[in-house]
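Me: I have a structure open here and have not looked at it before. Can you walk me through it?

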Amino acid sequence: FYLVFILAKRLSTKPFVKRIYEDLSNTSSQLRVRTAFALMVLFAFLSQSIGVELILGAFVAGMLFSLFFKSTSAESAAKFDAIGFGFLIPVFFIMVGAKLDLGDIVRNPGLIWTALILLGVAFLIKLVPMLPLSIFFGVRNASAGGMLLAGQLSLTIAFAEVAVSEKLLDPSMRVSAIIIAIGTCLLAPLF
């Protein structure tokens, strides 16, 4: 990681490299986006090779990318948001849905009770800290803020997927996590 950083840092100070990136970043080649993806793949491969999480490699790639392209970070962020939210995150949720075994609910009805209890806890955890804020914003507004913060679809499902893949969570609990995630996202705006 360090060697790639040093090499890229040296290259990024060269005027001809800067000019190439300036010229090709907003054309059909989208050089900055391709560089970010190349860094992500390289660092994910390096992470896998040394036995650490792939996500760590992707995170380091993002850090390096932001170090090299600070002046265009807002423009690049908009492009990455479009790729992430428009393509990659939906693919992730499709894969989660495809792996979901609803038969787990039939085989283990206790999962529903576990999900309902954890759903209540998810709302409670967000509401309790809002109580002191009711002094400043009123009970209705503070409670509304707490409820809206309770809906966390992607975080809960991503956590469950990582926990199951690392064998920290029983695969049958994936159903409970998905029920919690969907329940908080459906109920929070209504409450």
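Reply: This is a predicted model. The protein exposes about 12,500 Å², and carbon and sulfur atoms supply 74% of that area.

Me: How many helices and strands are there in the protein?

Reply: There are 11 helices and zero strands. Read from the N terminus, the elements run α-α-α-α-α-α-α-α-α-α-α.

Me: And what share of the residues counts as buried?

Reply: Of the 191 residues, 28% count as buried. As for contacts with a separation of 6 or more, 65% of them are between residues 24 or more positions apart.

Me: Which residues of α7 are buried?

Reply: Leu-111, Ala-115, Leu-119, Ala-122 and Phe-123 are buried in α7. They sit on the same side of the helix, because they cover an arc of only 110 degrees around the axis.

Me: Why would residues spaced like that point the same way?

Reply: An α-helix has 3.6 residues a turn, so residues three or four places apart point the same way.

Me: What is on the face turned away from the buried side of α7?

Reply: That face carries the exposed residues Trp-113, Ile-117, Leu-124 and Ile-125.

Me: And what do the buried residues of α7 pack against?

Reply: They pack against α6 (103-107), α9 (139-150) and α11 (173-190).

Me: OK, on to α9. What span should it have, at 1.5 Å a residue?

Reply: The 12 residues of α9 should span 16 Å, and its end C-alpha atoms are 16 Å apart, which agrees.

Me: Which residues of α9 are buried, and which are exposed on the other side?

Reply: The buried residues of α9 are Ala-142, Gly-146, Met-147 and Ala-150. Seen down the axis, these fall within an arc of 135 degrees, so they line one face of α9. On the other side of α9, Arg-140, Asn-141 and Leu-148 are exposed.

Me: What covers the buried residues of α9?

Reply: The cover includes α7, α8 (134-137) and α11.

Me: Which residues is Thr-184 in contact with?

Reply: Leaving aside neighbours within four places in sequence, Thr-184 is in contact with Leu-119, Ala-122, Phe-123, Ala-150, Gly-151, Gln-152 and Pro-189. Among the α7 residues named as buried are Leu-119, Ala-122 and Phe-123, and Ala-150 is one of the buried residues of α9.

Me: At what angle do α10 and α11 pack?

Reply: Helix α10 (residues 153-165) packs with α11 at an angle of about 170 degrees, and their axes are 8 Å apart. That makes α10 roughly antiparallel to α11. From α10 the contact involves Leu-153, Thr-156, Ile-157, Ala-160, Glu-161 and Val-164. On the α11 side, the residues include Arg-174, Ala-177, Ile-178 and Cys-185.

Me: Different topic. Which helix is Phe-37 in, and what does Phe-37 touch?

Reply: Phe-37 is found in helix α3 (residues 31-50). Not counting residues up to four places away in sequence, Phe-37 touches Phe-80, Ile-83 and Leu-88. At 28% relative accessibility, Phe-37 counts as partly exposed.

Me: How far apart are Phe-37 and Ala-58?

Reply: Phe-37 and Ala-58 are 21 residues apart in sequence and 9.0 Å apart in space, C-alpha to C-alpha.

Conventions
Residues are numbered from 1 along each chain as its sequence is written. This is a predicted model: local features need pLDDT of at least 70, side-chain atom pairs count only at pLDDT 80 or more; totals for chains, interfaces and linings use all residues. Side-chain values use heavy atoms; hydrogens and water are left out. Buried means under 20% relative accessible area, exposed over 50%, partly exposed in between (1.4 Å probe, protein chains only). Helices (H or I, at least four residues) and strands (E, at least two) are DSSP runs, numbered from the N terminus. The arc is that of the directions from the helix axis to the C-beta atoms. Contact means heavy atoms within 4.5 Å. Accessible areas come from the Shrake-Rupley method with a 1.4 Å probe; for residues, only the protein chains shown count as cover. Axes are lines fitted to C-alpha atoms, for helices over the stretch in contact, and angles run from 0 to 180 degrees between N-to-C directions. Angles under 35 degrees count as roughly parallel, over 145 as roughly antiparallel, 65 to 115 as roughly perpendicular and the rest as oblique. The expected span of a helix is 1.5 Å times one less than its number of residues.
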